[in-house]
Amino acid sequence: MLKHLHLLFVAVVIILFVIRVFLAQYKPELLANKWLKIAPHALAGLLLLSGIALVFEGNWLSGEYGWIIAKLLGMFGFIALGLVTIRSQGDKRWYAFAGALLVLIYIIRVAFTKQAFFFL
Ligand code: HEM
């Protein structure tokens, strides 16, 4: 149940992020909308909270928990790159966007493998 909620927040955060990137590029005036300013922060907060709740529910700290730290740091990296994506322009925007998507892929692979260094 909690995991499904977590996955729902993951999906909504990703979809909303992609929509905002396209708005930033093609319809920047729409980004001034109050809801589009508040929703991403609220959803990122809920995603984080659901992740933390899952850590306790699954007692994940009692074992090897490097992957949880990796997900946390990854999430902060994703948020930072997301901010750069929305706020910058030109090439910089697309490099940051590509970086944000790569970090997302990393986080998702960490989520499934439960290993921060799954690629080694
Ligand atoms: C962008 C951020 C995040 C993404 C894309 C993401 C993605 C996922 C996915 C795909 C799963 C399902 C894995 C599976 O079914 O095996 C999952 C589960 C989980 N996530 Fe996240 N997550 C994110 C953030 C976080 C954060 C910040 C934490 C902890 C502070 C966290 C903790 C967990 C835990 C404990 C599980 C349950 C693992 C299990 O029961 O198998 N997640 N996450």
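Which residue lies in the segment after helix 4 (90–113)? Glutamine 115 does, and the tour returns to it at the end.

**Before starting.** This is a predicted model, in which local features need pLDDT of at least 70, side-chain atom pairs count only at pLDDT 80 or more, and totals for chains, interfaces and linings use all residues. Residues are numbered from 1 along each chain as its sequence is written, and side-chain values use heavy atoms, with hydrogens and water left out.

**Select the protein chain.** The chain contains 4 helices and 0 strands; helices (H or I, at least four residues) and strands (E, at least two) are DSSP runs, numbered from the N terminus. Its C-alpha trace spans about 50 × 30 × 15 Å along the principal axes. Of the 120 residues, 32% are buried, where buried means under 20% relative accessible area, exposed over 50%, and partly exposed in between (1.4 Å probe, protein chains only).

**Select residues 35–56, then 93–112.** Residues 35–56 are 100% helix, with end C-alpha atoms 31 Å apart. Residues 93–112 are also 100% helix, and their end C-alpha atoms are 29 Å apart.

**Select His6, Lys71 and the ligand.** The iron atom of the ligand is coordinated by His6 (NE2) and Lys71 (NZ), at 1.8 to 2.0 Å. Histidine 6 belongs to helix 1 (residues 2–26) and lysine 71 to helix 3 (residues 66–87), so the pair, 65 residues apart, links distant parts of the chain. Donors are N, O and S atoms within 2.8 Å of the metal (3.2 Å for Na, K and Ca); water is not among the atoms, so sites may look incomplete. Both histidine 6 and lysine 71 are buried.

**Select the nonpolar surface patch.** About 1,100 Å² of nonpolar surface is made by residues including Leu46, Phe56, Tyr65 and Phe76. Like charges are joined within 9 Å, and nonpolar side chains (Val, Leu, Ile, Met, Phe, Trp, Tyr) within 5 Å. Accessible areas come from the Shrake-Rupley method with a 1.4 Å probe; for residues, only the protein chains shown count as cover. Helix 3 gives the most to the patch, with 6 residues. Leucine 46 is found in helix 2 and is partly exposed, with a relative accessible area of 38%.

**Select glutamine 115 and leucine 23.** Glutamine 115 is partly exposed, at 44% relative accessible area. The C-alpha atoms of glutamine 115 and leucine 23 are separated by 35 Å, and the two residues are 92 residues apart along the chain.

How values were computed. Patches are made of residues with over 30% relative accessible area and no salt bridge: like charges are joined within 9 Å, nonpolar side chains (Val, Leu, Ile, Met, Phe, Trp, Tyr) within 5 Å. A salt bridge is a side-chain nitrogen of Lys or Arg within 4 Å of a carboxyl oxygen of Asp or Glu.
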